[in-house]
Amino acid sequence: MKAFVYGTALQWKMDLRSKSLLVTCYLVPLLFFAVVGEIFISVMPQTKETLIYSMTIMGICMGTAIGVPPSLAEIYGTDIRKMYKANGIPVYYGILSTAISSLLHLMILSMIIYLAAPVIFDASRPENPAGYFGKVLIFAIVSLSTGAVLGCGIPDPSKIPMFSQIVFLPSIMLSGIMFPVDLLPEGLRTAGKLFPASWAYRWMTGTGSLFENLLPLCGISAAMAFACIWRLRTLK
């Protein structure tokens, strides 16, 4: 346990120096928040009610779909994995340490948006902060499981950016955070339900019951976890 805590803390420090993580978990999401948030409020003033949800989901999607996979590919697609094996480190350690470190960064990003949105855009804050951040935490964990599959499941690291975009763009375009899903054709609305962002946005905005939204998120996370386990076994 001490070794795991030490390794996770080391991964956290390494991530703090990572330009990729700085861009995908902070700079781009916050720039998007500042620019697109202003556009949303100017064009549709009613988006003040959902701005925090939309910007938080976008930031988490970017961090998990674009930021996490290259970090994992660096571990599982290079000799670092062999170093793990030579030193008796479990093969799953890379995923756990990276996921925990990234989760902390994503929760910090979510807190920044939560605090800044009412000040900058006069956006409405969730009535129940504890419940809201609980939903954010669950969504971030499910999204990280998707990023983990991309990072350790694609043998060629050069193809990861392409697959990351395949996950990221539908996540934000089909989830309802950019425009109402009712405007989409039935086929695209159905496709959007394959991504965690769609269910998270419904849940945060109060659409559907807890069971209706949490169950699909758990199902996606379980499927991604199974895919990771299968991939790690093949790497052994």
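This is a short chat about a predicted model of a protein chain.

Reader: What's the average pLDDT of the protein chain?
Author: The average is 85, and 85% of the residues score at least 70. pLDDT is the predictor's confidence in each residue, from 0 to 100. As the model is predicted, local features need pLDDT of at least 70 and side-chain atom pairs count only at 80 or more, while totals for chains, interfaces and linings use all residues. Residues are numbered from 1 along each chain as its sequence is written, and side-chain values use heavy atoms, with hydrogens and water left out.

Reader: Which elements have the lowest and highest mean pLDDT?
Author: Helix α1 (residues 2-16) has the lowest at 57, and helix α9 (residues 196-204) the highest at 94. Helices here are DSSP runs of H or I with at least four residues, strands are E runs of at least two, and both are numbered from the N terminus.

Reader: How much of residues 21-44 is helix?
Author: Residues 21-44 are 96% helix and 0% strand, with the end C-alpha atoms 31 Å apart. Residues 50-70 are 95% helix and 0% strand, and their end C-alpha atoms lie 31 Å apart.

Reader: Switching to pockets: what volume does the second largest pocket have?
Author: About 500 Å³. A pocket is an open set of points on a 1 Å grid over the protein atoms alone, where a 1.4 Å probe fits, with protein on both sides within 12 Å along at least five of seven lines; lining residues have an atom within 4 Å of a point.

Reader: Is Asp122 buried or exposed?
Author: Asp122 is exposed, at 54% relative accessible area (buried is under 20%, exposed over 50%, partly exposed in between, with a 1.4 Å probe and protein chains only).

Reader: Last one: where's Ile141?
Author: Ile141 lies in helix α6 and counts as partly exposed at 41% relative accessibility. The C-alpha atoms of Ile141 and Ser221 are separated by 8.0 Å, though the two residues are 80 residues apart along the chain.

Methods
Points joined across faces, edges and corners; volume = space filled by probe spheres on them.
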